[in-house]
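Work through the exercises below with the model open in a viewer. Each task is followed by a solution in steps.

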Amino acid sequence: MDLTVALNERQRQAVETTEGAVLVLAGAGSGKTRALTYRIAYLIEQGVDPYNILTLTFTNKAAEDMEQKVKKLIGDQISNMYLGTFHSVCVRILSQNLEPLGYESGFVIYDQSETKALVSDIIVTFDLDKEKYDPQSICRIINKAKQNLWTTEELIDYYEDTDFYQNIAEIYVKYNEALQDNNAFDFNDLIGKTIELFEENEEILEKYQERFKYVLIDEYQDTSPVQYQLARMLSRKHNNIFAVGDDYQSIYKFRGADMSNILDFSTDFADCKVIKLERNYRCKANIIEASNAVIEHNYNQSDKQAWTDNEPGEPIVIAEASDEYGEADYIVDEINNLVRFTGYDYSDIAILYRSNHQSRVLEEAFVKQRIPYYIVGGLGFYDRKEIKDIISYLKVAVNPQDTVALKRIVNTPKRGLGPRTIDKLINHAQEHVPEFDLFSFAQEDNTLGLFDVMQEPTQVSGIGKKKAAKVRQFHETLEQLIAVKESDLSLPQQVDQILKKSGYQAMLELDTSENAQTRLENINEFLALTNNYYQKNKSRDLEDFLRDLRLFSDQDDLNEANQVKMMTVHAAKGLEFPVVFVVGVEEEIFPHYRSITTGEREDIEEERRLCYVAMTRAEDRLFMSYARERKKYGETQEMIPSRFLDELPREVVLEKYHDLGF
């Protein structure tokens, strides 16, 4: 492996500095992934056992790409290396250490909809006003608390010591108890519970510290306080921590990212070496000059300057439209010209916007002109009702005490049962202590499990004989599903059998509507996905499959067909396209209204970083457009061009104006 040929001097320095703390400040398009993958290969070539290397990423796609690139360099030597997202690595650690946390095998991971459903149930249990205690808002507070590892006292201190937040603190406590009762983690728990495991079990932490002698982290600017804490804990013994990131691209504060992690890295880790990758290989020189000019208006950032040997390329086009419809028509015309006359494919083109709602007018124009397009991060495959239903059946087969999943499937297909019946069963389970039964699913706190109560539903207040018969029938169905999960069938066969025995597939087959046919097609696609997953590693079972499903992201399912891609700028992070259109570049849209009204400089600076990310997705051509007026909340409003457009150097800009279009 000849590093002098494959890497520039700065990249080679990043690869060969193997010992101690290293921070690589890597600008957009500077080859940071190349440096990271070569570093992994170099460590192994130098005799480091892959078993002792931990590499953390932020998307499954990034992890898979990195794995393939390392294999191309050194062959298949990394099978026992931990390489994955923070969350997937934590799942592996948790699954091997459940007992100290009071969990059992077969745990499940709740998504946002399941989390919201659980919070809604708790609000009802506490007899609180759902309008005042909005489940979605409370979920956001819980997320923030978990991202910062707050206790209930710290949650109240952060907000206010009022009855409202006291009640939310009680919901927070009950929510965590309910998760454990259901043998479930939410997404934030995956890292938080791993930290808890390490804090309360020094010998377990020491085992992983000894194993992970080299810790490598991609996209370090996106780390949250808990991710930072996890990295500190794991690297403390050997201090061989290698972080790659770009503070100019720190755009996930709303998800809990803390940019100070990367800015303070050199002071947080002893004897840190800082290496800057400033040469951009991606963008034409005009795009580099323009994006540099924008980001230079930020104050709180590192000192680096992107440069390139690439040719200047075409000017950045700033286009003014009369309104949002004129803007969409202009973009359609430009795309048609690019495809017909300059050799670009539709798949070379991306439309980026600040907020999802901006896609509607664009979609109308694309449909009218028959331009193929694909929305990244729209209604995802796993968000479709039928897929969520199937996953709930699979989860119950793995964990019969999952009350959220049970509530979802109890009356799908129709069984004459509903959430109220389940609530009665749950209340009975919580209020009664079972007699000892070796085969019971009783909880650790010695209350009955929901699955147990279904065996004798006539004992439950409010459930008569007819309803009890239906409950028993449902219980028998669940027993069949559990038997399938415990069988020697392969993973695809288990999923297929659970679909059949649940009655879900038959329900759709009997439905002659077009919608049912579409849902059946999605189910067949799910079965194909299951088979593909199984073929990659036949040792993985249903529990592994369910956990991995929860770790997918928008980019993991990125469509590669010849279509224009539409997405938010946040969703575009890490991607690149020959041609990029950034739309709606107007005050109160980009930068967003909220960032302006807070009056905080750091909020505007995050929006400017977001603009920088949008601009540096473009390899060859960059178009930025705005409208003079636009419909907002049903009324036509005059719009002001974004301040970011004023920051562009005029010598690399071509401005287009037209009252009726372009």
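**Exercise 1. Crossing of α6 and α9**

Task: Find the handedness with which α6 passes α9, then describe the geometry and the contact.

Solution: 
- Step 1. In this predicted model, the crossing of α6 with α9 is right-handed.
- Step 2. Take the axes of α6 (residues 112–125) and α9 (residues 163–181). They come within 10 Å and cross at roughly 120°.
- Step 3. Classify the angle. The roughly perpendicular class runs from 65 to 115 degrees, and roughly antiparallel starts over 145.
- Step 4. List the contact. α6 supplies T115, L118, V119, I122 and I123, and α9 supplies I171, K174, Y175, A178 and L179.
- Step 5. Sort these residues by type. The contact of α6 with α9 has 8 nonpolar residues, 1 polar and 1 charged.

**Exercise 2. Packing of α7 on α9**

Task: At what angle do the axes of α7 and α9 cross? Name the class of the angle and the residues that meet.

Solution: 
- Step 1. Helix α7 covers residues 135–147. Its axis and that of α9 come within 11 Å and cross at roughly 75°.
- Step 2. The class for 65 to 115 degrees is roughly perpendicular. So α7 and α9 are roughly perpendicular to each other.
- Step 3. On the α7 side, the residues are I138, I141, I142, A145 and K146. On the α9 side, they are Y165, I168, I171, Y172, Y175, N176 and L179.
- Step 4. By type, the contact of α7 with α9 divides into 10 nonpolar, 1 polar and 1 charged.

**Exercise 3. The whole chain**

Task: How compact is the protein chain for its length?

Solution: 
- Step 1. Count the elements. The protein chain has 30 helices and 17 strands.
- Step 2. Compare the radius of gyration with the globule rule. The chain gives 27 Å, close to the 26 Å from the rule for 662 residues, so it is as compact as a globular protein of that length.
- Step 3. Check the extents. Along the principal axes, the C-alpha atoms fill a box of roughly 80 × 60 × 55 Å.
- Step 4. Of the 662 residues, 56% are buried.
- Step 5. Among contacts with a separation of 6 or more, 77% join residues 24 or more positions apart.

**Exercise 4. Helix α26 and Q494**

Task: Which residues of α26 are buried, and what covers them? Then place Q494.

Solution: 
- Step 1. Helix α26 spans residues 542–549 and is mostly covered, with 6 of its 8 residues buried.
- Step 2. Those buried are L542, E543, F545, L546, R547 and L549.
- Step 3. The cover includes α5 (86–95), β4 (108–110), α18 (385–398), α22 (465–486), α23 and α25 (514–536).
- Step 4. Turn to α23 (residues 491–502), where Q494 sits. Buried means under 20% relative accessible area. Q494 has 6%, so it counts as buried.
- Step 5. Beyond four places in sequence, Q494 contacts V484, K485, S487, L489 and L542. L542 is one of the buried residues of α26.

**Exercise 5. Backbone exceptions**

Task: Locate two cis peptide bonds and two positive phi values.

Solution: 
- Step 1. Recall the background. Most residues other than glycine have a negative phi, and most peptide bonds are trans.
- Step 2. The bond from T412 to P413 is cis, with omega near 5°. P413 lies in the loop between α19 (403–409) and α20 (419–431).
- Step 3. The bond from F590 to P591 is cis, with omega near 15°. P591 lies in the loop between β13 (577–582) and α28 (593–597).
- Step 4. N239 has phi near 60°. Its loop joins α12 (225–235) and β7 (241–245). N239 is partly exposed, at 22% relative accessible area.
- Step 5. R370 has phi near 55°. Its loop lies between α17 (359–368) and β11 (373–375). R370 is exposed, at 75%.

Key: Residues numbered from 1 in each chain as written. Predicted model: local features only at pLDDT ≥ 70, side-chain atom pairs only at ≥ 80, totals over all residues. Heavy atoms only, no water. Axes fitted to C-alpha atoms, helices over the stretch in contact; angles between N-to-C directions. Helix = DSSP H or I, 4+ residues; strand = E, 2+ residues; numbered from the N terminus. Left-handed = near helix turned anticlockwise from the far one by under 90°. Contact = heavy atoms within 4.5 Å. Nonpolar A, V, L, I, M, F, W, Y, C, P; charged D, E, K, R; others polar. Rg over C-alpha atoms; globule rule 2.2 N^0.38 Å. Buried < 20%, exposed > 50% of the residue type's maximum accessible area, 1.4 Å probe, protein only. Parallel < 35°, antiparallel > 145°, perpendicular 65-115°, else oblique.
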